Amino acid sequence: MSTQNNTNNNRTQRRRKRRFTIPTTTRQFQTCLQRLSLKGLSCLFFIADHAMYLLGPLLIALASVIIVGLTYLYFCVMLPMMAGTNWIVTVDDYHSYKNGGGHHAALSSSAAVEVERQSNNDVEHISTIQSILLAVTTPTGIFHTAIVAFFLINVTYNYYKCVTTSNSGKVYDSVVRE
């Protein structure tokens with residue numbers, strides 16, 4: 001019976017210790033602040049740790065969207081402008097470019113075609129793929145596309161390796177210790 005009373009006494013003493021009391025002395029106040037700040041810091045660290053686990057995949061997705069968007073922008077906007085083929089919009093423009101011997105010969109006939117195009121709304125447009133392929137076949141297009149492809153492959157490969165490389169193991173632990 002006395003063992004049971006001792007156990008009950010210990011439980012009530014533990015409950016009393018856990019109960020919040022208003023600090024009356026400086027020492028009690030300092031102890032209370034330390035406990036609260038440690039709990040607050042551990043809560044902040046918990047939130048920050050979980051936020052980092054969430055932030056990682058979000059940043060990977062953001063970087064992937066940026067890489068795809070810049071690649072699309074290069075091939076659909078920048079490449080035709082740099083190659084000088086961005087004025088080729090319709091099939092008539094395409095034929096005058098091919099038959100006229102390129103950019104300079106076709107520009108002189110394009111002013112007359114522009115007036116005709118404004119009066120005729122059912123003009124057949126070339127596809128985006130045709131515009132890109134036409135721009136890639138020019139010397140400027142070949143040069144710039146080779147450079148862009150080199151950087152695009154390197155950025156994609158290195159980003160993939162950074163994302164998939166594990167940061168654990170004996171070598172990692174020895175580097176962290178140093």
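## Helix H2 against helix H5

In this predicted model, the axes of helix H2 (residues 26-83) and helix H5 (residues 128-136) come within 9 Å and cross at roughly 40 degrees. Axes are lines fitted to C-alpha atoms, for helices over the stretch in contact, and angles run from 0 to 180 degrees between N-to-C directions. Helices are DSSP runs of H or I with at least four residues, numbered from the N terminus. The angle makes H2 oblique to H5 (under 35 degrees is roughly parallel, over 145 roughly antiparallel, 65 to 115 roughly perpendicular, and the rest oblique).

On the H2 side, the contact (heavy atoms within 4.5 Å) is made by Phe 75, Cys 76, Leu 79, Pro 80 and Ala 83. H5 contributes Thr 128, Ser 131, Ile 132, Ala 135 and Val 136. By class, eight of these residues are nonpolar, two polar and none charged. Ala, Val, Leu, Ile, Met, Phe, Trp, Tyr, Cys and Pro count as nonpolar, Asp, Glu, Lys and Arg as charged, and the others, Gly among them, as polar.

## Helix H2 against helix H6

H2 also packs with H6, at an angle of about 175 degrees and with the axes 11 Å apart. That makes H2 roughly antiparallel to H6. Residues of H2 in the contact include Leu 59, Ile 67, Tyr 74 and Met 82, while those of H6 include Thr 140, His 144, Val 148 and Tyr 159. The contact has 14 nonpolar, six polar and no charged residues.

## The second largest pocket

The second largest pocket has a volume of about 210 Å³. A pocket is found on a 1 Å grid over the protein atoms alone, as an open set of points where a 1.4 Å probe fits, with protein on both sides within 12 Å along at least five of seven lines; lining residues have an atom within 4 Å of a point. Grid points are joined across faces, edges and corners, and the volume is the space filled by probe spheres set on the points.

H2 and H6 (139-164) each supply at least two lining residues, and H2 gives the most, with seven. Among the lining residues are Ile 67, Leu 70, Met 78, Phe 151 and Val 155. The lining has 10 nonpolar, one polar and no charged residues.

## Basis of the values

Residues are numbered from 1 along each chain as its sequence is written, and side-chain values use heavy atoms, leaving out hydrogens and water. In this predicted model, local features need pLDDT of at least 70 and side-chain atom pairs count only at pLDDT 80 or more, whereas totals for chains, interfaces and linings use all residues.
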